[in-house]
Structure formats: structure tokens, C-alpha cells
Amino acid sequence: MARKVKAVPMPDKYKRYMIVDENTGEILDDAQGYGYKTAQKAHLAWNYKHATSKQSHNRKLNQKFVKEHKAFVREWDAVLFDYLKSNEKPSYSEFKEMLADKAPDFGGSSRSLFYYLQKH
């Protein structure tokens, strides 16, 4: 069972946050004493550090795909740039079609790759 955590303000810090166990109040992550600037960043760091094996596997597949398919990534970046100019967001279905046409050998989660490429 996953541990329930929450972000709380650190005592005597400049509006910084730390992750604590929701049930016991035990401090689980405080960024080596510095704290996180926002509660959202604290949760993101915790989730990254404690990813499930499936999430970790997808992250590795995405990184490998980006290294091996640079032409696809450049083409997708061009599509993203066009959407950015028109203040719209690309659809997942459009990405999935492009991925099936250009790289049918991808064995990971296409949705995971879609979000990974939008962030990087």
C-alpha cells in the first residue's frame, strides 16, 4: 500500500515546504533541509523519487526513444511549435497517429511518451 503524504510549510523557513507522512507526521523529504519552493514541487519530487516500477520503466523507454529517434522528435517539436503559434494544444490522437506512422516499433506507452515530449 502506498504511503499517504502531504506537503506542509517548514518551520522558520522562507515559505518552503516539506513532505510528511499524513498519519504519523514523520518528515519524509525536506530537500536536504532547504525545503521546496512550492507544495506542488514537493509532491513532484516525492513522486519522482518514489515512482512505481511501471512509471520508472516508461520513463526509461521514453528517454531511450528520444535518443534513438531524433528525426521524429524534431518533427514533433515542429508540430508543437505550430500549435504554440496558434494558441492551441496538440491532441493525443494526432500524436498517436504520427507515432504509428513514423515509429511503429515503439513498445512503451504512447500516452506517457506524448506527455514526456511536451515537457522536454
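Author: Let's start with E75 and K102, whose side chains meet in a salt bridge (3.4 Å, N to O). This is a predicted model, where local features need pLDDT of at least 70, side-chain atom pairs count only at pLDDT 80 or more, and totals for chains, interfaces and linings use all residues. Residues are numbered from 1 along each chain as its sequence is written, and side-chain values use heavy atoms, leaving out hydrogens and water.

Reader: What makes E75 and K102 a salt bridge?

Author: The term asks for a side-chain nitrogen of Lys or Arg within 4 Å of a carboxyl oxygen of Asp or Glu. E75 and K102 have 3.4 Å from N to O, so the pair qualifies.

Reader: Why is E75 called partly exposed?

Author: Buried means under 20% relative accessible area, exposed over 50%, and partly exposed in between (1.4 Å probe, protein chains only). E75 has 34%, so it counts as partly exposed.

Reader: How do you know that D29 is buried?

Author: Its relative accessible area is 9%, so D29 falls under the 20% cut-off. D29 also forms a salt bridge with K49, at 3.1 Å from N to O.

Reader: And what makes D82 and K85 a salt bridge?

Author: Their closest N and O atoms are 3.7 Å apart, so they are within the 4 Å limit.

Reader: Why is K85 called exposed, while D82 is called partly exposed?

Author: K85 has 58% relative accessibility, so K85 is over the 50% mark.
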